[in-house]
Amino acid sequence: MNAVREWSAAICMAALVAAMLQGLVPSGSMERMVKFVIGAFVICALIVPLAKIVPKISMGIQADSGSPVNSQLEKTVEKQYSAAAQESITNLVVSELNNIDIKCKNVNVIMDTNEDGSISINKVVVILAKGYGKDREKASAHLEKTLGLKMEVSSDES
């Protein structure tokens, strides 16, 4: 409570000093510059005491970093990150196959998340649409060449 009292006293003193200076300044071309300087002074008088409080607040926040809510949030973010990576690779595969006029039915990306948070793509399983079974080798070679990933291409020819 003492800190709030000191802060309010500092603001009052800054306002009094600003009012006295503004009363002493003659009107004219210097008036705008003096008002600007007085405004900056008052803003500094408001902010400086807060700068002493902010490090204490940030230390309190860091102490709670191991809470279960944060770990749950991290797991959710990891899942979203993984889903986005899978969707991105799927779109790349479909796009590359469309470039060589081959349609696919399904793309399955098999990947793991490492301890450092990076994603390792183990394999991409591509199932070609009906009628494209003869293009398996062509699709596999093209995808491995352009994307640089290990591919397993099969067809939907039952």
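Student: Which residue forms a salt bridge with Glu 152?
Tutor: Glu 152 forms a salt bridge with Lys 123, and the closest N and O atoms are 3.0 Å apart. The term stands for a side-chain nitrogen of Lys or Arg within 4 Å of a carboxyl oxygen of Asp or Glu. This pair links distant parts of the chain, with Glu 152 in strand S3 and Lys 123 in strand S2, 29 residues apart.

Student: What kind of model is this, and how are the residues numbered?
Tutor: This is a predicted model, in which local features need pLDDT of at least 70 and side-chain atom pairs count only at pLDDT 80 or more, while totals for chains, interfaces and linings use all residues. Residues are numbered from 1 along each chain as its sequence is written, and side-chain values use heavy atoms, with hydrogens and water left out.

Student: Buried or exposed, or in between: what about Glu 152 and Lys 123?
Tutor: Glu 152 counts as partly exposed at 38% relative accessibility, and Lys 123 is partly exposed with a relative accessible area of 25%. Buried means under 20% relative accessible area, exposed means over 50%, and partly exposed lies in between (1.4 Å probe, protein chains only).

Student: How many salt bridges does the structure hold?
Tutor: The structure holds two salt bridges. One of them joins Lys 35 and Glu 31, whose closest N and O atoms are 3.8 Å apart. Both residues lie in helix H2, four residues apart, about one turn of the helix. Lys 35 counts as partly exposed at 42% relative accessibility, and Glu 31 counts as partly exposed at 30%.

Student: And disulfides, how many are found?
Tutor: A search of the whole structure finds zero disulfides, a disulfide being a pair of cysteine sulfur atoms within 2.5 Å. As for cysteines, Cys 44 is partly exposed with a relative accessible area of 45%, and Cys 104 counts as partly exposed at 22%.

Student: Changing topic: in what order do the elements run?
Tutor: From the N terminus on, the order is α-α-α-β-β-α-β, with four helices and three strands in the protein. Helices (H or I, at least four residues) and strands (E, at least two) are DSSP runs, numbered from the N terminus.

Student: Which residues of the largest nonpolar core touch the most other members?
Tutor: Of its 16 residues, Val 93, Leu 97, Val 124, Val 126, Leu 128 and Met 151 touch the most other members. Helix H3 (68–99), strand S1 (104–113), strand S2 (119–128), H4 and strand S3 (151–155) each supply at least two residues of this core. A nonpolar core is a set of buried Ala, Val, Leu, Ile, Met, Phe, Trp, Tyr and Cys residues joined through side-chain atoms within 4.5 Å.

Student: What is Val 124 in contact with?
Tutor: Leaving aside neighbours within four places in sequence, Val 124 is in contact with residues including Ile 89, Val 93, Val 107, Met 151 and Glu 152. Contact means heavy atoms within 4.5 Å.

Student: Where is Ser 140 found, and is it buried or exposed?
Tutor: Ser 140 is found in helix H4 (residues 136–147). Ser 140 is buried, with a relative accessible area of 15%. Apart from neighbours within four places in sequence, Ser 140 is in contact with Met 151 and Val 153.

Student: Now the surface: which residues make the nonpolar patch?
Tutor: Val 17, Leu 21, Leu 24 and Phe 41 make a nonpolar surface patch of about 370 Å². Helix H1 (residues 2–24) provides the largest share, three residues. Phe 41 is found in helix H2 (residues 29–63) and counts as partly exposed at 40% relative accessibility. Patches are made of residues with over 30% relative accessible area and no salt bridge; like charges are joined within 9 Å, and nonpolar side chains (Val, Leu, Ile, Met, Phe, Trp, Tyr) within 5 Å. Accessible areas come from the Shrake-Rupley method with a 1.4 Å probe; for residues, only the protein chains shown count as cover.

Student: What is the phi of Asp 101?
Tutor: Phi of Asp 101 is near 60 degrees, a positive value in a residue other than glycine. Most residues other than glycine have a negative phi. Asp 101 lies in the loop between H3 and S1 and counts as exposed at 60% relative accessibility.
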